[in-house]
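Please consider the structure shown below.

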Amino acid sequence: MSPRISAFAWIGFYDDPYSWKWSMEGKLFYVGSTHEFLIWANGQPNNENTNEYCVALQGQTQMDDRPCGASYPFLCYNAKNTSYILVKESRSWSAAQSYCRTYHTDLTSIRSKEEKSNITLALNGSGVQYVWIGLYRDPWAFWSDNTTSTFTNWWSSQPDNFNSIEYCGAFNLMSGEWADGFCWLRLSFFCFRAVTKQTVVKMKLQSEADMHSTEIQQQVSQQLSGLMLSEGLTDFRIRWRKVQSYRDDQSKKQDVDGGCKTEV
């Protein structure tokens, strides 16, 4: 971030350095806390040079975040026979993922110490320094209001993750461009409040049926809800309000007026 930090204001964009996930996702495949079984090398992950978003095994034992475009051998997993296949041809992380998904199941995941030991045995004597596994993360993919967007407007040379701890996004008040900054800095900030428009629709129904009947009201409400949904409306409420009831003395037939108040 520029030394003139007064020219910046916080926005809700941020990078989560702990949002690691496996290429081979599946609730049935991961059990308990095995999804979070991570053994990092000393000082890792450090996102050096702001481009280390994929993970390789270093020295066959510990994890190290590396640039996804770097070319390394890779380790595939085959779910059919629970085997690990080392491919010594060097490829980028995404190319390695594509190969494993085409010819096996996926890049390997490490769910336990036992699996780590089996993987170490599979790599023993291979002579590889780094080998891709299926761990990765999506950088700068989060907004504080939980919305998603692919739009970015980074300032030149940003984000640079200075000192490896700049994970919050700021807006340049002069140019409108963005920069990453230390989250503890005291800056001005932008707030957002969603403005919603409410429309009230009142309906008056006449029927020979007893409109005070809970069962009849439920049936009518279901029909109205279906109509609303068919028109693409999802945020609405239906309320009933008694308007008037009277008896026709000549025909001895009771008519009941029901009022339906629908808020959209």
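Is the disulfide of Cys76 and Cys100 right-handed or left-handed? The structure is a predicted model, and in it the torsion about the S-S bond of this pair is about -75°, so the disulfide is left-handed. The bond links distant parts of the chain, with Cys76 in strand S5 and Cys100 in helix H1 (residues 93–103), 24 residues apart. Its S to S distance is 2.0 Å. Cys76 counts as buried because its relative accessibility is 0%, and Cys100 is likewise buried, with a relative accessible area of 0%.

This bond belongs to a wider set. A disulfide is a covalent bond between the sulfur atoms of two cysteines. A search of the whole structure finds three disulfides. When the bonded cysteines of the chain are numbered in sequence order, they pair as 1-2, 3-4, 5-6.

One of these bonds joins Cys54 to Cys68, with an S to S distance of 2.0 Å. The torsion about the S-S bond of Cys54 and Cys68 is about 100°, and the disulfide is therefore right-handed. Cys54 lies in strand S3 (residues 52–58), while Cys68 lies in the loop between strand S4 (62–67) and strand S5 (72–78), so the pair ties together parts that are 14 residues apart in sequence. The two partners can also be described by their accessibility. Cys54 counts as buried at 3% relative accessibility, whereas Cys68, at 25%, counts as partly exposed.

A further disulfide joins Cys168 to Cys183, again with an S to S distance of 2.0 Å. The torsion about the S-S bond of Cys168 and Cys183 is about 100°, so this disulfide is right-handed. The pair links distant parts of the chain: Cys168 is in strand S10 (residues 166–172), and Cys183 is in the loop between strand S11 (178–182) and strand S12 (188–189), 15 residues apart. Cys183 has 38% relative accessibility and therefore counts as partly exposed.

The discussion now turns to empty space. Rolling a probe the size of a water molecule over the atoms shows where such space is left. In this model, the largest pocket holds about 250 Å³ of space. Its lining consists of Ile11, Gly12, Trp143, Ser144, Asp145, Phe171, Trp178, Phe190, Cys191 and Phe192. These lining residues divide into seven nonpolar, two polar and one charged. Cys191, one of the residues that line the pocket, is exposed, with a relative accessible area of 69%.

Note on methods:
Residues numbered from 1 in each chain as written. Predicted model: local features only at pLDDT ≥ 70, side-chain atom pairs only at ≥ 80, totals over all residues. Heavy atoms only, no water. 1 Å grid on protein atoms, 1.4 Å probe; cavity = no way out; pocket = protein on both sides within 12 Å on 5 of 7 lines; lining within 4 Å. Points joined across faces, edges and corners; volume = space filled by probe spheres on them. Nonpolar A, V, L, I, M, F, W, Y, C, P; charged D, E, K, R; others polar. Disulfide = S-S within 2.5 Å. Helix = DSSP H or I, 4+ residues; strand = E, 2+ residues; numbered from the N terminus. Buried < 20%, exposed > 50% of the residue type's maximum accessible area, 1.4 Å probe, protein only.
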